[in-house]
Amino acid sequence: MKNSTDDFKKLIAHCKEYGYVFPSSEVYDGLSAVYDYGPYGVELKNNIKEYWWKAMVQMHENIVGLDSAIFMHPLIWKASGHVDAFSDPMIDNKDSKKRYRADVLIEEHLAKIDAKNDKDVEKAKKRFGDSFDEAQFRATNARVLKRQEERDAIHQKFVKALSSEDLGELKTLIEECQIADPEGGSRNWTDVRQFNLMFSTQFGATSSEGGDNSNKVYLRPETAQGIFVNFLNVQKTTRQKIPFGIAQIGKAFRNEIVARQFIFRMREFEQMEMQFFVQPGTEMEWYHYWKEFRMNWHKSLFPAEKLQYHDHDKLAHYANAALDIEFEFPFGFKEIEGIHSRTDFDLGNHQELSGRKMQYFDSDLGESYVPYVVETSIGVDRTFFAVVSHALQEEEVPDAKGNMATRIVMKIPPVLAPVKVAVLPLVKKEVLADKAREIFNRLKWVTQCQYDEKDSIGRRYRRQDAIGTPFCVTVDFETLEDGEVTVRDRDTLEQVRIPIDAIEGHIAGKLDFRTLIKG
Ligand code: GAP
């Protein structure tokens, strides 16, 4: 789908209509930024997690898995810095009463300036054709240059304000740039304040009246800390030697200030994280290794032009280097994964606060040290969003009578598709149904299948296209004579006639993770 607000709305509606994603608690008008995954959504989500797990754990001798609890000792979040520093700068519009992230308002303002310059470049490109020199145009065109100078000046102030956590300067920048409320258009802003994103709750039966916080626990805002505090348990039980990694998939919770973009920014979401423990001093080498490795994983799912790196303007409190891998969502390029060099920040702080050693004895060097960590952290939900937004397409294709008709199709990579094979009797007749069920009962051992006999065959094909089913197996009266079925390919629309015994072989190659993972 091309990127536009309309297409974004269509995607959300499609996800709901075809059982991918439902707003949570819908009968009570929903709960902001919380979503439920429907029957097809849960299958796709599980397949995405399986693909990540295979690529990150199964394919690496030196990466192992973990499933740590969501509840953890509250001091973990003190040591990790989340109690003191896991906050976003927020600002309210006094007229619309809407709350925004101050940094996002400024980033969006910068992106608008970039877009204006890109538009001028595109226009000039069309005008001058092959002789067009983009670098020269950007360096000499007065209008573009003026905008670029303004942009650079704002960006410089922005980075300085972020790194010195100068909330007053962020407000001044919003005023200087005349940034208006994106919804109401008003420029009547409050001051910028910090807002901690962690959810907390009470642990155990005794309530803590009178301000006693001893029962307070947090819902984890990242899965990573469960890995850090288990680092020695895992290392000792698996006898891993540095460098090695620990991977985990699990829920995380953040009380996000801005939560308006479907499953992009949720208050309850899932992460797939891997902490790679390395010898201090080698972390930049591994940072670059994982940056490339993870980009290649994304390229196995999406075209290169939909992906880009983005270096962080402001490093998180734990990082000495960090970047995002961004995907072109319907509302532009945004983060899908973060790669962070976290130094010994987390292990060092846990060692200090818990009083327990977090050191590794390196037998090659004959010395002990607190390892450095390079982290890869990707959101399951954002990956899901990227997969469906890239997959959903409207196409003109010939119908049964040869006339051109529009079809809506989810071109999800077959190995990730929620349903792999739909088994369909041509018409609703008992003899065909019996045969089709027999085939379904064989194939269900091999892969995720669906049996469907309701409606005309054309409508059933369209429904399977909309769900994203890569293969439809149709049983007709000839099948009863010659034991052959028609297999329809979702993407090419090619229909081949093959023996029932050949179905598994026909689909197997396309349902193998090796179609995605290289090497
Ligand atoms: N442990 C490091 C960490 O949590 P992050 O960049 O804050 O880093 C990593 O988050 C990834 O988690 C993001 O790239 C994104 O895909 C996902 N993520 C973060 N916040 C999210 C939210 N509110 N909703 C959905 N996904 C989110």
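**Entry 1: aromatic rings**

I began with the rings and noted that Phe8, Tyr35, Phe262, Phe264, Phe302, Phe327, Phe329, Phe331 and Phe385 form one aromatic cluster. I keep in mind throughout that this is a predicted model.

I then asked how many aromatic pairs there are. The count comes to 34 aromatic pairs, and I looked into two of them. Tyr37 and Phe384 form an edge-to-face pair, with 4.9 Å from centre to centre and 75° between the planes. Because Tyr37 lies in strand S2 (residues 35-37) and Phe384 in helix H13 (residues 380-391), this pair ties together parts that are 347 residues apart in sequence. I also looked up the accessibility of both partners: Tyr37 is buried, with a relative accessible area of 17%, and Phe384 is buried as well, with a relative accessible area of 0%.

The second pair I examined is that of Phe231 and Phe277, which is stacked, at 4.7 Å centre to centre and with 25° between the planes. Here too the pair links distant parts of the chain, since Phe231 belongs to helix H10 (residues 231-238) and Phe277 to strand S10 (residues 268-278), 46 residues apart. Both Phe231 and Phe277 are buried.

**Entry 2: charges over rings**

Next I looked for charged side chains placed over rings. I found Lys291 over the face of Tyr309, at 4.7 Å from the ring centre, and I noted that Arg488 lies over the face of Tyr461, at 4.4 Å from the ring centre.

I turned to strand S17 (residues 392-398) and strand S18 (residues 404-410), which run antiparallel and are joined by seven bridges. Which residue of S18 is the bridge partner of Glu394? I found that Glu394 is partnered by Ile408. The hairpin has five residues between the strands, and in this hairpin Gly402 takes a positive phi near 90°.

**Entry 3: cysteines**

Finally I checked for disulfides, and the count comes to zero.

Definitions and conventions:
Residues are numbered from 1 along each chain as its sequence is written. This is a predicted model: local features need pLDDT of at least 70, side-chain atom pairs count only at pLDDT 80 or more; totals for chains, interfaces and linings use all residues. Side-chain values use heavy atoms; hydrogens and water are left out. Rings of Phe, Tyr and Trp (its six-membered ring) pair if their centres lie within 6.5 Å; planes under 30 degrees apart count as stacked, over 60 as edge-to-face and the rest as tilted. Helices (H or I, at least four residues) and strands (E, at least two) are DSSP runs, numbered from the N terminus. Buried means under 20% relative accessible area, exposed over 50%, partly exposed in between (1.4 Å probe, protein chains only). A charge sits over a ring if NZ of Lys or CZ of Arg is within 6 Å of the ring centre and within 35 degrees of the ring normal. Two strands pair if DSSP finds at least two bridges between them. A disulfide is a pair of cysteine sulfur atoms within 2.5 Å.
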